[in-house]
Amino acid sequence: MTFHAPFPAGRPRRLRRDSFTRNLVREHALHSHDLIYPVFVQEGERRRDAIASMPGVERLSLDLLLPVAEQCVALGIPVMALFPVIDARLKTPNGDEAFNPDGLIPRVVASLKSHFPELGIMTDVALDPYTSHGQDGLLDDTGYILNDPTVEVLVQQALTQSHAGVDIVAPSDMMDGRIGAIRDALEEAGDIHTRIMAYSAKYASAFYGPFRDAVGSSANLGKSNKKVYQMDPGNSDEALREVAIDIAEGADMVMVKPGMPYLDIVRRVKDEFHVPTFAYQVSGEYAMLKAAAQNGWLDHDAVMLESLLAFKRAGADGVLTYFALDAARLLRQG
Ligand code: PBG
């Protein structure tokens, strides 16, 4: 296939000569509507705690989160994703606090939806912020993460979130069969509008380290890892099988995670399934770019926007990113 006349008739640089031509022929663009903003919420009032490994990201109490939600609306960010910091005293081996209807997440969801009904709210369905051992599921005597009993708890958690008024539930646990079980339970409960964004291809990645500091699960997790349920970084075909299963079980949207090191997976998923596909630029990716920028080694705003545009080019319909507010502000300025 020839796309171009041979040199000198064909000179690709003609289309790069000035900014109007570059703007005219650009194939992909980033918009604030492509961004989902993940935030960390904690109990209390006027509480704002920095997270050392995620410069610029803070754990906020609800009163301080409301103005952030307002900014998302003003900037055209369609969805905020909530992650809870759970009091250590409420953590148990089975993570029962995850489906407490009066727990932190249901209260925060209800408040955000009443103040900003037009802002989409998404919640994580996973037990790791709630378990005393920091794993995403229930353990047997040997420490193996049980699948089916965990799915039963995840269903309760998703229903609790849905009843609190959340728009999107996002199971990030990687148990088998959880999407189907949650979808059935939502239908049964009459919650037919609750959307499911499945963390379908979620890898056992070392890039989640700063997130685990943020929700306070890293100390509990200790030296153990999540390789018996999250995917092996060496696999690519398996991601397609996972996505196929989640679509068949009733997912409305699928996700690949982490992001930048897995853009090949994003592209394969989009090409194969043509469904709404998202990617998560995770905490470690954020930390990496921030650290380099703070050292003056990289241009913060330029690498931020370039990294996010790369997700669009790879086929993602949207990106979960801790840069969402900063990026949306820059995009607004043009
Ligand atoms: C919980 C969950 C994790 C992330 C999102 N949901 C951590 C994990 O699986 O250990 C990571 C997000 C990030 O690193 O930014 N299941």
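This is a predicted model: local features need pLDDT of at least 70, side-chain atom pairs count only at pLDDT 80 or more; totals for chains, interfaces and linings use all residues.
**Entry 1: strand β7**

I began with β7, residues 195-202, and found seven of its eight residues buried, so the strand is largely enclosed by the rest of the structure. For burial I used this rule: 20 or more other C-beta atoms within 10 Å of a residue's own make it buried, 12 or fewer make it exposed, and anything in between is partly exposed, with C-beta atoms placed from the backbone. Helices (H or I, at least four residues) and strands (E, at least two) are DSSP runs, numbered from the N terminus.

Residues are numbered from 1 along each chain as its sequence is written.

Next I looked up the partners of β7, calling two strands paired if DSSP finds at least two bridges between them. Strand β6 (residues 168-171) runs parallel to β7, with two bridges, and V169 sits opposite I196 of β7. Strand β8 (residues 253-257) is also paired with β7 in the parallel sense, this time over five bridges. There, A201 has V256 of β8 as its bridge partner.

I then followed the chain from β6 through helix α5 (residues 178-188) to β7, and this β-α-β unit is right-handed. The test is that, with the strands pointing away from the viewer, the path from the first strand over the helix to the second runs clockwise.

**Entry 2: M231**

Which residues does M231 touch, once neighbours within four places in sequence are left aside? I found A201, K202, Y203, A204, E238 and A239, with contact meaning C-beta atoms, placed from the backbone, within 7 Å. M231 belongs to the loop between α7 (218-221) and α8. It is buried because 22 other C-beta atoms lie within 10 Å. From M231 to A204 the C-alpha distance is 5.4 Å, although 27 residues separate them in sequence.

**Entry 3: the ligand shell**

The list reads D124, A126, D128, D136, S172, D173, Y208, F211, R212, K226, V282 and S283. Sorted by class, that shell holds six charged, four nonpolar and two polar residues. My classes: Ala, Val, Leu, Ile, Met, Phe, Trp, Tyr, Cys and Pro are nonpolar, Asp, Glu, Lys and Arg are charged, and the others, Gly among them, are polar.

Helix α4 (residues 148-163) has 16 residues and spans 23 Å from first to last C-alpha, close to the expected 22 Å at 1.5 Å a residue. The expected span is 1.5 Å times one less than the number of residues. Its buried residues include V151, L154, A158 and S162. Their cover includes α3 (104-115), β5 (120-125), β6 and α5. Just past α4 I noted G165, with a positive phi of about 105°.

In α9, the buried residues are I265, V266, R268, V269 and K270. Among the elements covering them are β7, α8 (237-249), β8, β9 (277-281) and α11 (300-314). After α9 comes H274, with a positive phi near 55°.

A reminder first: most residues other than glycine have a negative phi, and most peptide bonds are trans. I went looking for exceptions.

The bond joining F7 and P8 is cis, with omega about 10°, and P8 lies in the segment before α1 (19-25). A cis bond also runs from K257 to P258, where omega is near -5°. P258 is in the loop between β8 and α9 (263-273).

Are the positive-phi residues R46 and M174 buried or exposed? R46, with phi near 50°, is exposed because it has 8 C-beta neighbours inside 10 Å. M174, with phi about 70°, is buried because it has 25 such neighbours inside 10 Å. R46 lies in the loop between β1 (35-42) and β2 (48-50), and M174 in the loop between β6 and α5.

**Entry 4: strands β1 to β3**

Last, I checked strand β3 (residues 58-61). β1 pairs with β3 in the parallel sense over three bridges, and β2 pairs with β3 in the antiparallel sense over three bridges. R59 stands opposite F40 and is also the bridge partner of D49.

Technical notes: A residue is near a molecule or strand if its C-beta atom, placed from the backbone, lies within 6 Å of it. Two residues are in contact if their C-beta atoms, placed from the backbone, lie within 7 Å.
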